[in-house]
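I will go through contacts, strands and surface in turn.

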Amino acid sequence: MTEKLFYEDPFLREFTGTVLDCREEKGQWIVTLDRTAFYPEGGGQPADHGTLENRKVFDTREKNGEILHFCDGAVPVGETVKGIVDWERRFDFMQQHSGEHIVSGILCEKFGCDNVGFHIGHELVTIDFNAELSTEDVIFVEKAANQYIWEDRLIQIDYPSPAALEALAYRSKKALSGQVRIVSWPGADCCACCGTHVKRSGQVGMIKLISCQKFRDGVRIEMAAGGRALRWVNQIAGQNTKVSRLLSARPGETAAAVERLQKEIYALQNRASELEERDFARKAEELAGKGDVLLLEGSMSGESMRKLCGLVKDRCGGRCAVFAGSGGVYQYAVAQNGGDLRELARQINGSLQGRGGGKPEFIQGSVNAGEEQIREFWQTAFSL
């Protein structure tokens, strides 16, 4: 059994231990010590990284009570070696894990639900609850969690006797037996947990609940604590500052400025659509009775291209082909009343390096060809 120094002092960054075993497997060395401060992956918390005698420790796992250190090189068996934990990584995980306890404890107590999933990702923490929550509920929990942090409460960790454990109300995702480690945040949470945590709630720093989405029979909350929360807030604040400059609006008034801009854009889009429809109708009248028609246009949306193609097709009395684009890349739409255009689609794609297809009376796609190539193909195909 490896002595777990991370339980005795979760803030221990450096330690010494005797190497009991070192074996190579698939180009990596698995090292076992008599004692370690490296926390193995478990309980939703990722493994510690760091070094052992200048050998990189890139993973840590537990198997049958032994902590296995996965290293990029060998260390001598029987010697006492120095281990250094990647403290920035560890403290980040401690802040996230501790923040999750506070949030889950408050939320589960307030809404009578359970935490059914927990994961510390590279950027955010996700927590799953089997209850539906409103925006107001999430705001309440975030405020209560940060208030608890500001009170700087002392964490309590115990190993209750079986009788004491039986009488204790604590959170756990599964039935437990043997010695159980209980982590208590007085006034917020009491949970069976094997992870590492800060010593006082104030060391979590801050909590930000970023999103709450429907997930299975409940919700999934995205959360950031401590340094992650500060970085997230700074990132959003930085983006908002840029937006405020672009819109010539105060930072606290960017949402109203965007709403005004959206209204202006919608008005311009409606006006442009009206003008476009007039132009398309004019072209259709000019081409009335012309038979098969080829139109080469500048870039336009697929919807506009289909609308123009349909209007001209109804007036020209034959096929209408619209190629819209520039620089050797065009989108196309071809329509006709009656007949089957699918063979034409195969010819277009084969001759003009295109792809596309459709229904008997309407085909669409794209080609990699210039204007002259398109005209030549059209003239050859229909002898215009």
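Is arginine 171 buried or exposed? I looked it up: arginine 171 counts as buried, at 16% relative accessibility. Buried means under 20% relative accessible area, exposed means over 50%, and partly exposed lies in between (1.4 Å probe, protein chains only).

**Ground rules.** I am reading a predicted model, where local features need pLDDT of at least 70, side-chain atom pairs count only at pLDDT 80 or more, and totals for chains, interfaces and linings use all residues. Residues are numbered from 1 along each chain as its sequence is written, and side-chain values use heavy atoms, with hydrogens and water left out.

**Salt bridges.** I took a salt bridge to be a side-chain nitrogen of Lys or Arg within 4 Å of a carboxyl oxygen of Asp or Glu. By this rule I have 27 salt bridges. Arginine 171 makes one with aspartate 189, at 2.7 Å from N to O. Arginine 171 sits in the loop between α4 (162-167) and β12 (182-185), and aspartate 189 in strand β13 (residues 189-192), so the pair ties together parts that are 18 residues apart in sequence. Helices (H or I, at least four residues) and strands (E, at least two) are DSSP runs, numbered from the N terminus. Aspartate 189 is buried too, with a relative accessible area of 7%.

Next I checked aspartate 59. Its salt bridge goes to arginine 61, with the closest N and O atoms 2.7 Å apart. Aspartate 59 is buried at 13% relative accessible area, whereas arginine 61 is partly exposed at 42%.

**Helix α6.** Arginine 271 and glutamate 274 both lie here, 3 residues apart, about one turn of the helix. Their side chains meet in a salt bridge of 3.6 Å, N to O. Arginine 271 is partly exposed at 41% relative accessible area, and glutamate 274 is partly exposed at 40%. I also found one network of salt bridges that share partners, joining Asp279, Arg282, Lys283, Glu286 and Glu297.

**Rings.** Which rings count as a pair? Rings of Phe, Tyr and Trp (its six-membered ring) pair if their centres lie within 6.5 Å; planes under 30 degrees apart count as stacked, over 60 as edge-to-face and the rest as tilted. The count comes to 7 aromatic pairs. Phenylalanine 15 and phenylalanine 38 form an edge-to-face pair, 5.8 Å centre to centre with 75° between the planes. Phenylalanine 15 is in strand β2 (residues 14-25) and phenylalanine 38 in the loop between β4 (35-36) and β5 (50-52), so this pair ties together parts 23 residues apart in sequence. Both phenylalanine 15 and phenylalanine 38 are buried. Ring pairs also link Phe6, Tyr7 and Tyr39 into a cluster.

**Charges over rings.** A charge sits over a ring if NZ of Lys or CZ of Arg is within 6 Å of the ring centre and within 35 degrees of the ring normal. Lysine 110 lies over the face of phenylalanine 140, at 4.8 Å from the ring centre.

Strands pair if DSSP finds at least two bridges between them. Strand β14 (residues 207-215) and strand β15 (residues 218-225) run antiparallel and are joined by 8 bridges. Cysteine 212 stands opposite isoleucine 221 in β15. The hairpin has 2 residues between the strands, and arginine 216 takes a positive phi near 50°.
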